[in-house]
Amino acid sequence: MRPEVPLLTDMARHLRRDVFSMIHQCGDGHPGAALSITDLLAALYFHVMRVDPKNPEWPDRDRFILSKGHGCPSYYAALARRGFFPPEWLPTLRKLGSPLQGHPVMKKTPGVDMTTGSLGHGIPIGAGMAAAGRLAKLDYYVYVITGDGELNEGILWEAVQSAAHMKLGRLIAFVDNNGWQSGGVIKDVSGLTNLAAPFAAFGWHTQEIDGHDFDQILGAIEKAKAETERPSVIVAHTIKGKGIPFTENDNSWHKRVPNKEELAAALAYLGGS
Amino acid sequence: MDKIASTREAFIAGLMDVAPDDPKICMVFADSLKAARATPFTEKYPGRWFDVGICEQNAVAFSAGLASTGLKPFFNTYAGFITMRACEQVRSFVAYPHLNVKLVGLNGGIYGGEREGVTHMVFEEFGILRSVAGMEIVVPADAGQVRKATRALAKRDGPAYMRIGSGREPVIFDDSMDFEFGKARVLREYGTDAAIFAVGPILKRAILAAEALAKEGIKTTLVEVHTLKPLDTDTIAAVLRKTRAAVTLEDHNINGGLGSAVAEVIAEREPASLIRLGLRDVFAESGDAELLFDHFGMGAPHVCEAVRQLVSSKRS
């Protein structure tokens, strides 16, 4: 086990507490989709990414795009705990005047590199960021987390083609492969299987990992960084609602608000703050 | 035969004017480099252009990514593919984050008709983009104005759309005519019987109409509204206050564009009677642009007839 794994594991536990509390307080949100990406976000923001919370516009910083913007409670929790803004902002999620919108907005929230929400746009926009970095001779990486249901969107594949053609080696995308979309199991709703194959066909470097195993996450990012001529996709097998026993793999938590008892049960399970 | 000049080439010339002093300027294409006549730029600035292939939604999103780092991308392809196919990307990822992406749409309006069919023309984008918050919209009247408008847009921060044509637009102004972003301008001031408001290359026909009307004793004020957003409502209202009658002429559906914008000023500020000329909620077709304008009721005689109608009802 890598030495940083215990810290990341504990951070992910904190983030999951934040997520469930935020959605309870806000009264709306997507807990399942937020919880499946928590470990990826913990790895990125607390070990991998070159960022400076005191200087969120730093030109040399690594970029991150949450293409599946509805998973933003995890993202906001990570940014707050990384120091981009005070944790006291978290309970304001989706409230009038809050810098924390229902889907991420780059000019309202420090640390958010791109406005997202409408699905399919992380890879196209990330390709633009990566191309700009190459033009400016900056060595930053662009990380994207896209959902698996999101792979239905056509624009995403337009960008998969052009990013490979442009040899954008500093573009690294995760597919949060939790197996569910709004209407049910992905293979039933839209028939997607073997998610890495179309990326490979378009010329991307592909890997498949357990998206809750920090050793695998960090190892995959290192391999992706070693690829300088191809964009990389890491298909992360995840569990929707991961980390709280009664939300795991239960798609009723796609968009659902935990009541007081459910919140208490979740916090008790996750352990002290 | 009128002198013609290419608004497509003028756009690239305008960009070449400003690119040497602004290394942030770059170009994005959706396999539209040739249509954009952009070779002078791409040959002089290798590395400062990106071609994503035939995918306009991706091109706009990609441009947003470029702009998020401080670059100033100009995305140039067919106007309809930018504003209709990639409408959501323009709205949510360019306009909403207020990114510095300039969208330059060619084959705008009926001017695409001589080369293409309705799928490759667009007569709806003024209405679409006017309803997108923060989006600036410029429609220069001829090639010389496109060159100057391009230079003006390059100096502005934030999202903007400029409509250009097919490459065979009539020359309307000589080189001494300036371009001031955001200002409507009075081009002829024969009198206050009626106002004529026009936008884009079709302005040529409005000028001919105003001149012909003056000869028959009907004295109009002719106003060019090259910036549709932000709209120069003060100038438009001041003219309406004097004329209380207006005709609008645009290469666009009469719904949503200049006619609608002037109607809004009339409703909110200066009551006046109004006749909107443009495509009367129908689709155009292939053919020579000048013949199409006549066919669809956008000729100088149509403007004259509309003005006569307004003037006669004013007098009765």
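**Backbone features and chain contact**

A:Lys137 counts as exposed, because 6 C-beta neighbours lie inside 10 Å and a residue is exposed at 12 or fewer. The model is predicted, and A:Lys137 has a positive phi of about 55° although it is not a glycine.

**Positive phi values**

- A:Lys137 is located in the chain A loop that runs between helix H5 (122–135) and strand E2 (142–147).
- In chain B, the residue B:Arg244, which is not a glycine, also has a positive phi, near 55°.
- B:Arg244 belongs to the loop between H9 and strand E13 (245–253) of chain B.
- B:Arg244 is partly exposed, because 17 other C-beta atoms lie within 10 Å.

**Cis peptide bond**

- The peptide bond that leads from B:Lys229 to B:Pro230 is cis, its omega being near 0°.
- B:Pro230 is placed in the chain B loop between strand E12 (227–229) and helix H9 (233–243).

**Contact between chains A and B**

- Contact between the two chains involves 23 residues of chain A and 22 residues of chain B.
- On the side of chain A that touches chain B, the elements giving two or more residues are H5 and helix H6 (154–165) of chain A.
- H5 of chain A provides the largest share of that side, with 10 residues.
- By residue class, the side of chain A that touches chain B comprises 12 nonpolar, 8 polar and 3 charged residues.

Definitions and conventions:
Residues are numbered from 1 along each chain as its sequence is written. Chains are lettered from A and ligands numbered from 1 in the order in which they are written. This is a predicted model: local features need pLDDT of at least 70, side-chain atom pairs count only at pLDDT 80 or more; totals for chains, interfaces and linings use all residues. Helices (H or I, at least four residues) and strands (E, at least two) are DSSP runs, numbered from the N terminus. A residue is buried if 20 or more other C-beta atoms lie within 10 Å of its own, exposed if 12 or fewer, and partly exposed in between; C-beta atoms are placed from the backbone. Two residues are in contact if their C-beta atoms, placed from the backbone, lie within 7 Å. Ala, Val, Leu, Ile, Met, Phe, Trp, Tyr, Cys and Pro count as nonpolar, Asp, Glu, Lys and Arg as charged, and the others, Gly among them, as polar.
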